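Dear colleague,

I am passing on the structure we spoke about, and below it you will find notes on what came out of it. Please read them with the model open beside you.

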Amino acid sequence: MSYFITLEGGEGSGKSTLIDYIKEFLENRGKSVVLTREPGGIDIAEQIRSVILNKKNTKMDGRTEALLYASARRQHLVEKVIPSLNEGNIVLCDRFIDSSLAYQGYARGLGIDEVFSVNEFAIAGFMPDLTLYLDLDPQIGLKRIAKNKDREVNRLDLEEIQFHLNVREGYEEVVKRFPERIVRVNANQEVEKVMADASRILVDRLHV
């Protein structure tokens, strides 16, 4: 059974921890799972990722950023996501189009519709089947990042707190646009509760 699941959320919301759990959860139920991320997942997109997140690239224009994300997304989609789905796998992806809508469209002020238009060209209508949105107060997320010494600090982590507050507002707008696809998960809970909530959603949607 092929199924495309994405995880979304602000910095420090716990996507990496949850996506590993979901992979194990589904594999324990006999599903074949491909784990990937954006930007990245394949060589060309990882190279673009290194440009986008490089802390030295503070002069990057918002439109440049949006276009780089869309370019990485296109290559990742055609080289990894679609082939994996065609082979009957469940694809779990850390971020996809909703990140661009929230970060560049809303928080950067480029416009959600405008950024969606750019990404429509990139993905040619290919959208996730299910998106789990990990909702968390950005200040809590940034404190988690500061405590995690193993996590690489990237350019977006260095933004002012208002940017991250705007990202959360952006996600609220995106959730309103795609209520059938996006399911909110309260990320301000113990990790076990977050995992339990995600499990219930997966059982309901995928009947696993």
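Which residues point one way from strand 1, and which point the other way? Tyr3, Ile5, Leu7 and Gly9 point one way, Phe4, Thr6 and Glu8 point the other way, and all are buried, where buried means under 20% relative accessible area, exposed over 50% and partly exposed in between, with a 1.4 Å probe and protein chains only. In a regular strand the side chains alternate between the two faces of the sheet.

Before going further, please note that this is a predicted model, in which local features need pLDDT of at least 70 and side-chain atom pairs count only at pLDDT 80 or more, while totals for chains, interfaces and linings use all residues. Residues are numbered from 1 along each chain as its sequence is written, and side-chain values use heavy atoms, with hydrogens and water left out.

Strand 1 covers residues 3-9; helices (H or I, at least four residues) and strands (E, at least two) are DSSP runs numbered from the N terminus. Strand 1 pairs in the parallel sense with strand 3 (residues 90-94) over five bridges, pairing being called if DSSP finds at least two bridges between two strands, and there Leu7 has Asp94 as its bridge partner. Strand 1 also runs parallel to strand 4, joined to it by five bridges, with Gly9 opposite Leu134.

Helix 4 (residues 97-107) has 10 of its 11 residues buried, so it is largely enclosed by the rest of the structure. Its buried residues, among them Tyr103, pack against strand 1, helix 3 (62-86), helix 5 (112-123), strand 4, helix 7 and strand 5 (182-186), contact meaning heavy atoms within 4.5 Å. After helix 4 comes Gly109, with a positive phi near 80°.

As for aromatic pairs, rings of Phe, Tyr and Trp (its six-membered ring) pair if their centres lie within 6.5 Å, and planes under 30 degrees apart count as stacked, over 60 as edge-to-face and the rest as tilted. By this rule there are seven aromatic pairs. One of them, Tyr133 with Tyr171, is stacked, at 4.8 Å centre to centre and 25° between the planes. Because Tyr133 lies in strand 4 (residues 130-135) and Tyr171 in helix 7 (residues 161-177), the pair ties together parts that are 38 residues apart in sequence. Tyr133 is buried at 2% relative accessibility, and Tyr171 is buried with a relative accessible area of 2%. Tyr103, Tyr133, Phe163 and Tyr171 form one aromatic cluster.

With regards
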